[in-house]
Amino acid sequence: MRFLVFLLAAFASAAHADAIGRFKSFVSTTQSARADFEQQVYGREGKVTQASKGSFVFQRPGRFRWTYAKPVDQVIVGDGERVWIHDRDLNQVTVRRLSKALGSTPAALLAGSSDVEKAFELSDAGTRDGLEWLEAKPREPDAGFERIRMGFSATGIEAMELSDNFGQTTRLRFMNLQRNPKVDAAEFRFEPPKGADVLGEK
């Protein structure tokens, strides 16, 4: 659930706005999105401890599907009421109420409501690697991570970084972005597979 990652992401259309302006434009104009991603997790020493890739789709507010390919082999689904995390290798499902699972999490930036500044403190974080960066710090002290950064080019978001409370940094690059595509409501439904261990609150 650490990265819904979802999460978590923003896609702005304003070509000449600063990072905060681009993000706010995304929130007000993007009701759904679909993209592929590559993800790397770095440990305290700066070495890659995990690499994965996958795809996601979301429809605000609160509906998303984040699918990792192997070796992670995990699916995270928000159906508007609950968040389901399915580890396909273990055939184990964890479920939480959406109101508790989102809050000040990366998914709130991706698929939450438009009033994200209640949960996050937003600031411009300068330029790096040719991108303009937005920093979002959770207002809740027990959010489980320190900050999220989102990197924008003139055409939209290209990167996202999550720094957690354990000294790890998760970095994502987005490809093949589609803004406001038609989405099938079935993508946001989840039924635990037969025989799966289901943990958490239904």
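Strand β2 (residues 48-59) pairs with β3 in the antiparallel sense over 6 bridges; two strands count as paired if DSSP finds at least two bridges between them. Helices (H or I, at least four residues) and strands (E, at least two) are DSSP runs, numbered from the N terminus. This is a predicted model, in which local features need pLDDT of at least 70 and side-chain atom pairs count only at pLDDT 80 or more, while totals for chains, interfaces and linings use all residues. Residues are numbered from 1 along each chain as its sequence is written, and side-chain values use heavy atoms, with hydrogens and water left out.

Let me stay with β3. W66 of β3 is the bridge partner of F56. The hairpin of β2 and β3 has 3 residues between the strands, and G62 takes a positive phi near 85° there.

How do the side chains of β3 (residues 63-68) point? F64, W66 and Y68 point to one face and are buried, that is, under 20% relative accessible area, where exposed is over 50% and partly exposed lies in between (1.4 Å probe, protein chains only).

Finally, confidence. The protein averages a pLDDT, the predictor's confidence in each residue from 0 to 100, of 81. Over residues 1-16 the pLDDT is below 50.

Terms used: Contact = heavy atoms within 4.5 Å.
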